[in-house]
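Here are my notes on this model, point by point. Please read them with the structure open.

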Protein chains: 4
Amino acid sequence: MGFNKDTVRQVIFEADTPAGKAFDVWLIVLILLSVGAVMLDSVDSIHERWGTWLYAAEWMFTIIFTIEYGLRLWCIQNTWLYARSFYGIVDLLGILPTYISLWVAGSQYFLVVRVLRVLRVFRILRMVRYVGEAELISQALLASRRKITVFVSSVLALVVIFGSLMYLVEGQHNPGFGSIPDSIYWAVTTMTTVGYGDITPSTPLGRGLSTIIMIMGYGIIAVPTGIVTLELNEANRRRANTRTCSACSAEGHSREATYCWRCGQHLYRTEETGDGASDNPP
Amino acid sequence: MGFNKDTVRQVIFEADTPAGKAFDVWLIVLILLSVGAVMLDSVDSIHERWGTWLYAAEWMFTIIFTIEYGLRLWCIQNTWLYARSFYGIVDLLGILPTYISLWVAGSQYFLVVRVLRVLRVFRILRMVRYVGEAELISQALLASRRKITVFVSSVLALVVIFGSLMYLVEGQHNPGFGSIPDSIYWAVTTMTTVGYGDITPSTPLGRGLSTIIMIMGYGIIAVPTGIVTLELNEANRRRANTRTCSACSAEGHSREATYCWRCGQHLYRTEETGDGASDNPP
Amino acid sequence: MGFNKDTVRQVIFEADTPAGKAFDVWLIVLILLSVGAVMLDSVDSIHERWGTWLYAAEWMFTIIFTIEYGLRLWCIQNTWLYARSFYGIVDLLGILPTYISLWVAGSQYFLVVRVLRVLRVFRILRMVRYVGEAELISQALLASRRKITVFVSSVLALVVIFGSLMYLVEGQHNPGFGSIPDSIYWAVTTMTTVGYGDITPSTPLGRGLSTIIMIMGYGIIAVPTGIVTLELNEANRRRANTRTCSACSAEGHSREATYCWRCGQHLYRTEETGDGASDNPP
Amino acid sequence: MGFNKDTVRQVIFEADTPAGKAFDVWLIVLILLSVGAVMLDSVDSIHERWGTWLYAAEWMFTIIFTIEYGLRLWCIQNTWLYARSFYGIVDLLGILPTYISLWVAGSQYFLVVRVLRVLRVFRILRMVRYVGEAELISQALLASRRKITVFVSSVLALVVIFGSLMYLVEGQHNPGFGSIPDSIYWAVTTMTTVGYGDITPSTPLGRGLSTIIMIMGYGIIAVPTGIVTLELNEANRRRANTRTCSACSAEGHSREATYCWRCGQHLYRTEETGDGASDNPP
């Protein structure tokens, strides 16, 4: 196996050959190790004792990833297309911070974006299934983006209004509600049912108003769930039912169907169905 | 373009002409700036330093919005209909507080209701789609209003009873449960899973009872979600099946329908399926 | 209108006559006032100032409700059947605590169960619709009782195991996890996403384990929602689709349907459909 | 009834005979008592006073369960198959910790895994229905395992990135965000809407970023719910349509089906509708 563009590309970009698979597995191990190193380095007690070693490791990882990024740029046919793709940008963002940290202290923590590279894992382990499921979810989220936008806008308007109301009600007695931005922050923690408790109402009126906000938030949390459930259902139905009977053009065949439920006509299996159906072994 | 009622109305109320669109975009920028100014003015450190400027800005914004409101009243055909409409009231509420604040200090914070005016943004950017989605959501919420009322009533009854029980159990040992209203406030934060933690049970019996309330709240939170999902589904189904009967123009035919459900007319199969998928441009 | 059993029963138990409706409305006002009085009496500052008055009010309300309860027992045909019914028991529980409080101090707070009597409001205001919706919800909850039981049992088992694990991990360093019951209480607050924060992990291992529990709880909260959505959907579908076409016995007619969607046969309207369909005025 | 393998097996493993049922009920009582004893022993005040008694009880329970485990191994036909089964392992784990605690202090708390043995209760009380429901839920969870994996991976990546961002923003001013692992722990409590409040942002920028994370978490919590609802629906649909084809005994026919989807055989209409309602006994 010579060291030419094609061989390198097969190893780096594909996972069909043993070499390609081994490369990808090692890459993921390195990525996880490097992210782990960045995380550990941020703990003071560890930094004091192992700081020099972790700094060395960071540079080692960065140099390895830089070489890998260079190879990717070199061996791919359309360099610019790769460089602008999602993974191309993530690959670059995964090495830049170390170099920038020479001038700007603290920037090395941005290295954690490397963790996004691990999402490649689904591709590597030939998890076609997982990719399909991921597509289904993102399809549903994409289809619901407009509903979600409308919903988030309404929630933001509510939060601004309720936050200001609470500022008027609690502001003078309670340092937690000392300004409208703080009150809005409180309103968000309440409506999303996170409820840190770092800011809490203390006057009877404030508590009464909070009660109303909480019960509203309770009902409002139902909306995104309903939206996503709806769209997931749609996406699933669309994927499942793309076959029409050639005789009576009935739709709605279940994924495993071989014959039309209305007229009994034989249905031709397509690839897509086989893929989805194998989920439920006969 | 003369300065007559029609031209003004077109610019202010519609967004089809370049002038109308520019007007709307500028309006939204002004609204957001003015809401931001009110919010910043409530922060003490900013108020001390920039208070005079923000006060001037507030008056400037209010005068601009007052002129705009006057123009709207003047140029619209049915003045009273607009004045009573949702946006008419919001427009008025967005300028009144500044004037009232001359007599009643603090009322200027009500200016944040201006943020509701921003919801017009969906109209401005010709986002017909968004308006459709917003209608779908509000349709679903409207359709589920009775179920939600029944649900909220039951939750309120539960909260009063559990709050009183906790008062009896914890009241004497725990200042947080010092009165039934406080205990009810705690019960609401618990059942909605907000859980501030400003009031928490401390006796073993109180903790046991809380455990039961929490697990109940866990199950109960499922109910509004189920209701909204159901109604969203219904609303979506009704909209999706837009095949109209050529005889009686009834809508809402199920996908498999061959005859109109209202008048019994035979329905011609259309590219109804393609219509449903138009959400995702090919 | 003489003072005989029948007239009294009509006034007290039914809401069809003006007198019956007025009686019910006044009853609800009295109930809400009496529950409010009990709640206010528990606030120390109010008790000190108005305690005597509230005590008098409490006895007044109790005497009124006792007379009402006596009348109900007297005028109803089947006394024992009423006395054992849900509302019969609630009516009794709404007066007993005041008498018991003569011997057992503090028992008067149980008077808040009176709030359950207010649920009658749905009957009074002739809100047939609301009763239907309430039935739908309780039907769905009833249908899902077995699934919920299985689910709650599994959650309880998980909570016991995770609580004990956290006791082992955190117990020695963290007074909050000082015993297994306390740790289980913590596990419940975490899994239900209430998260008071009165007990929180402090060791790295404990925080890691908490992270796992939280993400599990995140997924687990989806199960009851899914169950209730499913059963609500079933209950709704069952109510909507109870008519079969007499010609081709097709099912699945939408609520507004007059003709069969498959064969065009005329469908006979039944009462049930008319009731459900009026939800969407034509 | 002699003391031979078959009789013993019937009593221990089955619950059809009165003896078998009594055995199972007693077993569950013993299990609950023993788990309760372990839990109580962890409370310091109880341990001091009743420690010796609880220690004796623990050994007594362990010896009883050891004998039971021995009998199970002895009387079952395929010993090795039982020993490796889920309940076989749980049975062993329910006795081992006591013996190990002779060498390793504290290990006795692992005895709480005994609580899993109680899940047998569904089998004992002949709750076939419950077993069916449990199967439905686990089927749905199993079917959604890939979607959940994809979802959890994405959430983990988000949490790492947001945690690091918050470390950069808040780290220097706020000891709670003192390291990336701590910040990630905070991000998990926030995204899952648990919100302990032991670590909270204090800078304006940190609060702004938190607001974004909370609203994202709000939307993201909708995804697992949608997934589980979808799969529960699928699993239910598959089970509900139990009309089997008389030719090929395929199941899962949709309600409108006239022909078998697998072999094209004509399906005879049965009281399929009545069957679906059997969940609610008439």
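1. Domains of chain A. The centres of domain 1 and domain 2 of chain A lie 39 Å apart, taken over C-alpha atoms. Domain 1 covers residues 5–132, and domain 2 covers 148–237. Keep in mind that this is a predicted model.

2. The nonpolar core. The largest nonpolar core has 245 residues. Those with the most contacts inside it are A:Ile180, A:Trp186, B:Ile180, B:Trp186, C:Trp186, D:Ile180 and D:Trp186. Helix H9 of chain C (residues 145–170) supplies the largest share of this core, with 11 residues.

3. D:Ile180 up close. Which residues does D:Ile180 touch, leaving aside those up to four places away in sequence? In chain A, D:Ile180 touches Val38, Met39, Ser42, Tyr109 and Val112. In chain D, the partners are Ser164 and Tyr167.

4. D:Gln108. This residue sits in the loop between helix H6 (96–100) and helix H7 (121–124) of chain D. Is D:Gln108 buried or exposed? D:Gln108 counts as buried because its relative accessible area is 15%, and the cut-off is under 20%. Beyond residues up to four places away in sequence, D:Gln108 touches D:Val38, D:Glu58, D:Pro97 and D:Ser101. D:Leu96 is 12 residues away from D:Gln108 in sequence and 8.6 Å away in space, C-alpha to C-alpha.

5. D:Thr17. Look in the loop between helix H1 (5–13) and helix H2 (18–41) of chain D. D:Thr17 has 27% relative accessibility, so it counts as partly exposed. D:Thr17 and D:Ser138 are separated by 121 residues in sequence and by 29 Å in space, C-alpha to C-alpha.

How values were computed. Residues numbered from 1 in each chain as written. Chains lettered and ligands numbered in written order. Predicted model: local features only at pLDDT ≥ 70, side-chain atom pairs only at ≥ 80, totals over all residues. Heavy atoms only, no water. Helix = DSSP H or I, 4+ residues; strand = E, 2+ residues; numbered from the N terminus. Buried < 20%, exposed > 50% of the residue type's maximum accessible area, 1.4 Å probe, protein only. Core = buried A, V, L, I, M, F, W, Y, C linked by side-chain atoms within 4.5 Å. Contact = heavy atoms within 4.5 Å. Domains from an automatic or database assignment.
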